[in-house]
Amino acid sequence: MMLPTAKLPQLGLVVIGWIGGLFTCLLFLQYNSPKCAPEYVPPFQPEIYKSVNFSKHISTTSGETGEEKPILLLWFWPENYRWNFQDCKTIYNIDGCHLTDRRNLYNQADAVLIFHKAINHDLSNLPPSPRPPFQKWIWLHVESPTNTPRIPGLENLFNLTLSYRRDADISVRYPLTVSKKPNEDFVIPKKDKLLCWFVSNLAPSTGIGTRMSYYNELKKYITVRIFGSMSGARMKDEEYFPTMSSCKFYLSFENSVHKDYITEKLNGPLAAGTVPVVLGPPRQNYEDFAPGNSFIHVDDFPNAEALANYLLKLDKDDEAYKRYFDWRKHVRATPHLTLWNQEFISYICHACEYIGKHREYKAAHDIYKWWFS
């Protein structure tokens with residue numbers, strides 16, 4: 001059956017309208033149906049950590065400048081000693097980075113802090129490769145070269161070194177502070193012990209042979225009060241400074257003798273108001289960190305008997321003994337942390353401070369060539 005010619009244009013308009021309406025419906029469904037709409041995945045935004053609380057894992061305090069803080073990833077907890085990352089702000093007023101142990105932030109971390117003693121000999125527990133091109137690796141090691149195992153393959157992995165050595169990229173020590181105004185508040189604590197030594201490490205492999213040999217000779221001529229595991233009982237953390245301050249002299253004997261290896265064994269008696277008797281690097285190295293009249297060096301005497309006689313003489317001469325505290329007029333010593341899990345807090349916090357201030361490029365270098373030189 002043929003339609004009248006006059007109605008053909010009208011039919012065409014109806015068909016075109018119907019097709020157009022169908023196309024419009026399809027477009028509507030595509031952009032409004034939840035089944036078709038693609039899921040939105042926001043890009044990584046480090047600034048969200050300023051408002052999201054990760055508790056112990058990430059510092060959330062914003063910097064005064066409003067700048068985005070770098071992320072410092074702690075790959076291993078040193079010796080598995082765990083503490084609250086907020087301690088950096090509370091104890092040292094350091095808040096220059098986002099400190100975290102969350103490994104899922106590895107690809108965003110500006111720096112990764114790696115504890116040498118925790119690394120497997122086959123390197124299997126190191127962060128994955130390739131590392132982000134903007135990322136720095138920091139080698140954390142606080143032992144002396146004598147107590148540093150050589151792990152093959154580490155030589156040129158690290159951009160920064162963190163240690164007690166003065167020539168480390170990040171050098172962390174127990175500093176004495178100088179003031180122009182005389183310190184009027186220092187009083188020598190009361191003493192009821194002559195010579196003390198806190199010692200727990202008795203492992204020959206750690207290089208203690210030198211100090212044990214000297215001690216065994218010294219005790220023939222003077223009584224040494226022993227505290228710590230060597231005495232049969234570990235000292236409580238809260239007893240450290242009170243016991244130290246009750247001693248006139250303290251044996252600040254390092255376990256091995258190396259450049260700059262001058263540990264809390266010197267800071268402890270200086271802060272407590274006790275005269276340290278030091279065994280370690282030469283006197284000149286000690287004087288890089290403490291006044292020469294604040295300590296007694298074993299090298300100043302021909303043998304242990306001469307040292308013992310000198311200490312016994314000082315015990316009877318109050319004026320001569322007091323002269324070992326003249327440095328206190330313009331210099332202060334700050335007590336270090338003593339709780340069992342606090343040994344590495346200062347190092348980690350100062351690493352955070354460093355990367356918050358230093359964004360410049362730093363090439364990896366041979367740490368062993370430097371460390372064992």
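Predicted model: local features only at pLDDT ≥ 70, side-chain atom pairs only at ≥ 80, totals over all residues.

I started with helix 3 (residues 209–218) and helix 7 (residues 304–315), whose axes come within 9 Å and cross at roughly 60°. I have that down as oblique, because an angle of this kind is neither roughly parallel nor roughly perpendicular. The crossing of helix 3 past helix 7 is right-handed.

Next I checked which residues touch. On the helix 3 side I found Tyr214, Glu217 and Leu218, and they meet Ala304, Leu307 and Ala308 of helix 7. Sorted by class, that contact has five nonpolar residues, one charged and no polar ones.

Then I went to the cores. Which residues have the most contacts inside the largest nonpolar core? I got Trp197, Leu218, Phe249, Leu251, Val277, Ile296 and Leu307, in a core of 52 residues. Leu218 and Leu307 were already in my notes from the helix 3 and helix 7 contact.

Skipping residues within four places in sequence, Ile296 is in contact with Phe249, Val275, Pro276, Val277, Val278, Arg283, Phe301, Leu307, Tyr310, Leu311, Leu314 and Tyr324.

Last, the whole chain. I counted 10 helices and 13 strands. Of its 373 residues, 44% count as buried. For contacts between residues at least 6 apart in sequence, 76% join residues at least 24 apart.

Terms used. Residues numbered from 1 in each chain as written. Heavy atoms only, no water. Core = buried A, V, L, I, M, F, W, Y, C linked by side-chain atoms within 4.5 Å. Buried < 20%, exposed > 50% of the residue type's maximum accessible area, 1.4 Å probe, protein only. Contact = heavy atoms within 4.5 Å. Axes fitted to C-alpha atoms, helices over the stretch in contact; angles between N-to-C directions. Helix = DSSP H or I, 4+ residues; strand = E, 2+ residues; numbered from the N terminus. Parallel < 35°, antiparallel > 145°, perpendicular 65-115°, else oblique. Left-handed = near helix turned anticlockwise from the far one by under 90°. Nonpolar A, V, L, I, M, F, W, Y, C, P; charged D, E, K, R; others polar.
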